Every structure is written in C-alpha cells, then in structure tokens.
Amino acid sequence: MNSTVGLRERKKAETRQAVHEATLRLAVEHGLDNVTVEAIADAANISRRTFSNYFDSKEEALLYGDEQRLGELVERVRDQPPALTAWQALRVAFESLYDETGEPDPEWMLRARLVKQHPSLLSRQLAGRVRLENELSQVVAGREQAGGVSPEVITAAFLTALRIATLRWVTDHKTRTLRELTDEVLDQVAQPFG
C-alpha cells in the first residue's frame, strides 16, 4: 500500500512540475497574456480538466516553483534549534536552503522577470507571500524576539528583504550573485532584529 501511495504522489508531483514547466516555457515564448490554459494543457500532454485538478490558473502554475521553494523555507525554519532567535532561525534556514540549491536556475530568473512585467502574476505572488508570512509567523512565534518585536513584523521584514534582493538581482544583470545581494539587504534589515 505504501509503495502505491508513494508512486501516486510521485506521479502527481511529476505532472505538477510538467505543467509548471510548460507554463513557463509558453509564457516566455509567447507572452503570458497570449497563453491559454488549453495551450498549457496541450504542451504538458494533459487534459484541461487535469490542469484544473492541479492549478486554479495559469498564474498559479507559473509560480509553482517559487511556492515550492518558499514552502521548503518554512520547514527549514521549523527545524532550527530553539535557542535561535526568530531572525536567526529565518536567516540560518534561508542560508541552508541556498547552500543546498545554489544560485537559482535560469527558470527562476525568468519567473522573476515575468512577475515584474505582469500585474496578475505580482498579485498572485503577493497573495502567496501573505500566506507564507502567516506560516512563518506561526513557526517563529515561540522564539525569542529581539526588542519584543512581533513575529509578524519580523517575518514581513525578512520576506521584504528577500523580495528587494531578488528585484535587485533581476535588474543587476548578474554582476553580483543573489546570495551577495540577499546578504547585503538582510544585514541592513537585521539591525533591530539581530
């Protein structure tokens, strides 16, 4: 039974990833506004109904990779030693995730550029970030907070720093790594949270 459940979950994950990749490829080739859910389903070799079983919209499908990465960040924060402050736990979790995955792949930069160009993607991404903020706030709520700053403020500041670093990286034309830019912005924001 376990192997059947494992196989089923793996196939679902593969389908979800294939839809995500097809969406990104078509959005880059034709522009997001010119891509339909039907075209994505065809490119991923699935039906329109199957697409709807996995994603509510093409925007959600396109941002799937970001959602996965941010979900992994939540888990890594949860796994940090209790002695770390909220800010330290967020920072160490981010660094461990970055050390494991390295510089984002070219698809990540393409998604970031598409988000900058399309308000529908930006609004969808912001909605996802609000969910992430809530999850992270809950995960760090029991940790020591520097200066009595609330978990919501700490996680909002942390995620804002990540967003600013990403925007700089996208427009920086790769003269500095995302890690360098992120460390710089996180250091600036960390003053009251350290």
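1. The largest nonpolar core holds 33 residues, and Leu73, Val77, Leu136 and Phe158 have the most contacts inside it. A nonpolar core here is a set of buried Ala, Val, Leu, Ile, Met, Phe, Trp, Tyr and Cys residues joined through side-chain atoms within 4.5 Å; buried means under 20% relative accessible area with a 1.4 Å probe, protein chains only. At least two residues of this core come from each of α5, α6, α7 (106–117), α8, α9 and α10, helices being DSSP runs of H or I, at least four residues, numbered from the N terminus. The most, 9 residues, come from α9.

2. This is a predicted model, in which local features need pLDDT of at least 70 and side-chain atom pairs count only at pLDDT 80 or more, while totals for chains, interfaces and linings use all residues. Residues are numbered from 1 along each chain as its sequence is written, and side-chain values use heavy atoms, without hydrogens and water.

3. Leu73 touches Leu90, Ala93, Phe94, Leu97, Leu136, Phe158 and Leu162, leaving out residues up to four places away in sequence; contact means heavy atoms within 4.5 Å.

4. A second, separate core has 14 residues, including Val37, Ile40, Ala44 and Ala61.

5. Helix α6 (residues 86–101) has 16 residues and should span 22 Å at 1.5 Å a residue, which agrees with the 23 Å between its end C-alpha atoms. The expected span is 1.5 Å times one less than the number of residues. Among the buried residues of α6 are Trp87, Arg91 and Tyr98. The buried residues of α6 pack against α5 (64–78), α8 (119–140), α9 (151–171) and α10 (178–189).

Conventions: Buried means under 20% relative accessible area, exposed over 50%, partly exposed in between (1.4 Å probe, protein chains only).
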